Amino acid sequence: MTKSANTMWGGRFAAGPDAIMEAINASIGFDKRLAAQDIAGSQAHAAMLAACGIISDKDADAIGEGLITVLSEIQAGEFSFSTALEDIHMNVEARLRELIGEPAGRLHTARSRNDQVAVDFRLWVRDQCDAVDASLAALCKALVAQAEAGADWIMPGFTHLQTAQPVTWGHHMLAYVEMFARDRSRFADARKRMNTSPLGAAALAGTSFPIDREMTAKALGFDRPMSNSLDAVSDRDFALEFLAASSICAMHLSRLAEELVIWSSAQFRFVKMSDKWSTGSSIMPQKRNPDAAELIRAKIGRIFGANVALMTVMKGLPLTYSKDMQEDKEQVFDAADNLLLALAAMTGMVTDMAAQKDALHSAASSGFSTATDLADWLVRKLNLPFRDAHHVTGTLVALAEKKGCDLSDLTLDEMQKTHSGIQSDIFDVLGVENSVASRTSFGGTAPARVREQVAHWNEVL
């Protein structure tokens with residue numbers, strides 16, 4: 001090839017088109033992460049071939065022992081991966097042949113790389129569902145511990161990031177437990193649906209060999225084999241469901257991260273973040289930056305992006321397998337890595353953070369957070385229509401704003417000038433403690449309800 005032709009292809013690929021094709025075609029750089037799953041699938045397949053009389057027990061034993069050696073080399077970092085061999089499947093098989101010779105060539109009987117990669121990837125994603133579930137359980141435990149410690153600590157509840165009504169710290173923490181519990185159920189549901197085996201679908205049409213797909217499915221922990229060979233090799237719904245569940249979970253993490261960023265600011269001072277999860281400034285000694293929370297908030301975009309990317313890869317593919325599907329793994333690998341990292345970091349932050357009880361209470365006591373309690377009192381005691389009570393309350397809020405005081409600081413005389421029916425017992429509902437204690441409806445913020453939910457979640461977790 002001439003120098004000018006090489007330049008046309010790009011200076012990095014000195015060998016020309018062949019090097020470019022090898023670079024775009026090879027997946028070993030990332031799918032080597034599937035080594036354990038690939039070997040587990042091969043072990044199950046070899047044992048089944050022998051049980052069905054398709055290969056000899058002697059060959060199956062040699063294959064099994066050889067695969068154990070290959071796995072140990074990979075785990076010890078002693079395995080030499082080759083780009084020329086394209087993927088993890090060919091790399092393992094080539095090394096197996098070096099170790100045991102001819103029997104290695106019998107391993108691929110009655111299967112294809114199409115069903116092989118499908119089972120490897122499905123096993124890997126299933127493992128990630130289990131890992132995420134364990135991480136979510138740990139985060140929920142940390143949140144419940146915070147809720148238990150502050151079951152009756154009063155803080156402002158917000159709408160539009162404006163003070164709305166007083167709630168308890170414990171109630172706020174448990175809101176995230178509910179979110180992450182739903183995430184756990186989504187991953188469990190996805191795991192259940194993905195737990196079917198594509199192994200034995202071969203290239204796309206099944207095989208003429210008398211294989212036992214139930215045997216391999218059981219050996220690999222699947223509930224059953226997939227029912228349609230075309231679907232078995234072309235389906236990536238399991239990866240998409242994992243990414244969809246990951247995206248929703250990541251969104252919840254980002255919301256909590258955002259609150260930690262706001263709450264740890266000098267303007268709020270609701271929480272003090274541990275030094276483990278904060279950094280200082282190179283020039284401003286007073287700074288305490290919530291970097292871990294900010295990084296979680298940013299990493300979430302990678303998970304969202306992976307979801308969109310794989311949906312885009314799959315949306316135009318006819319049945320069955322197309323090489324496009326090689327692009328499935330990097331997206332899922334990256335999303336899983338970042339989700340597990342974000343969960344671990346958030347669990348650490350929640351465990352170590354110190355809620356500032358006095359600052360929370362002070363903030364709850366300002367901003368007319370008991371205005372709704374006043375309106376409710378007018379409805380209950382004076383039988384006012386709620387809209388009229390809302391108007392009276394708004395007038396009193398305007399008066400308190402003008403005086404620069406809270407509602408509870410207005411005199412009875414001032415209130416009665418707005419509505420003559422108001423009596424002194426109205427002050428019983430204006431304190432934030434009275435407000436939260438009164439919210440006893442199921443799911444409410446009253447400390448008694450919070451403690452009930454804490455007990456429930458401690459039992460569940």
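The model is predicted: local features need pLDDT of at least 70, side-chain atom pairs count only at pLDDT 80 or more, and totals for chains, interfaces and linings use all residues. Residues are numbered from 1 along each chain as its sequence is written, and side-chain values use heavy atoms, with hydrogens and water left out.

Start with the largest pocket. Rolling a probe the size of a water molecule over the atoms shows where empty space is left. A pocket here is an open set of points on a 1 Å grid over the protein atoms alone, where a 1.4 Å probe fits, with protein on both sides within 12 Å along at least five of seven lines. The largest pocket holds about 610 Å³ of space (the volume filled by probe spheres set on the points, which are joined across faces, edges and corners). Its lining has 26 residues, and Gly157, Phe158, His172, Ala175 and Glu259 are the closest to the centre. Lining residues have an atom within 4 Å of a point.

Which elements each supply at least two residues of this lining? They are strand 1 (154-159), strand 2 (162-168), helix 8 (169-194), helix 11 and helix 19 (447-460). Helices (H or I, at least four residues) and strands (E, at least two) are DSSP runs, numbered from the N terminus. Helix 8 gives the most, with seven residues. By type, the lining divides into twelve nonpolar, nine polar and five charged residues. Asp, Glu, Lys and Arg count as charged; Ala, Val, Leu, Ile, Met, Phe, Trp, Tyr, Cys and Pro as nonpolar; the others, Gly among them, as polar.

Now the surface. Leu204, Leu230 and Leu319 make a nonpolar patch of about 270 Å². Areas come from the Shrake-Rupley method with a 1.4 Å probe. Leu230 sits in helix 10 (residues 229-234). Leu230 counts as partly exposed because its relative accessibility is 33%; buried means under 20%, exposed over 50%, and partly exposed in between.

Thr320 lies in the loop between helix 12 (291-314) and helix 13 (328-352).

Finally, Arg269 has a positive phi of about 55 degrees, although it is not a glycine. Arg269 is in the loop between helix 11 (237-263) and strand 5 (271-272).

Notes:
Patch = residues over 30% accessible without salt bridge, like charges linked within 9 Å, V, L, I, M, F, W, Y side chains within 5 Å. Salt bridge = Lys/Arg side-chain N within 4 Å of Asp/Glu carboxyl O. Buried < 20%, exposed > 50% of the residue type's maximum accessible area, 1.4 Å probe, protein only.
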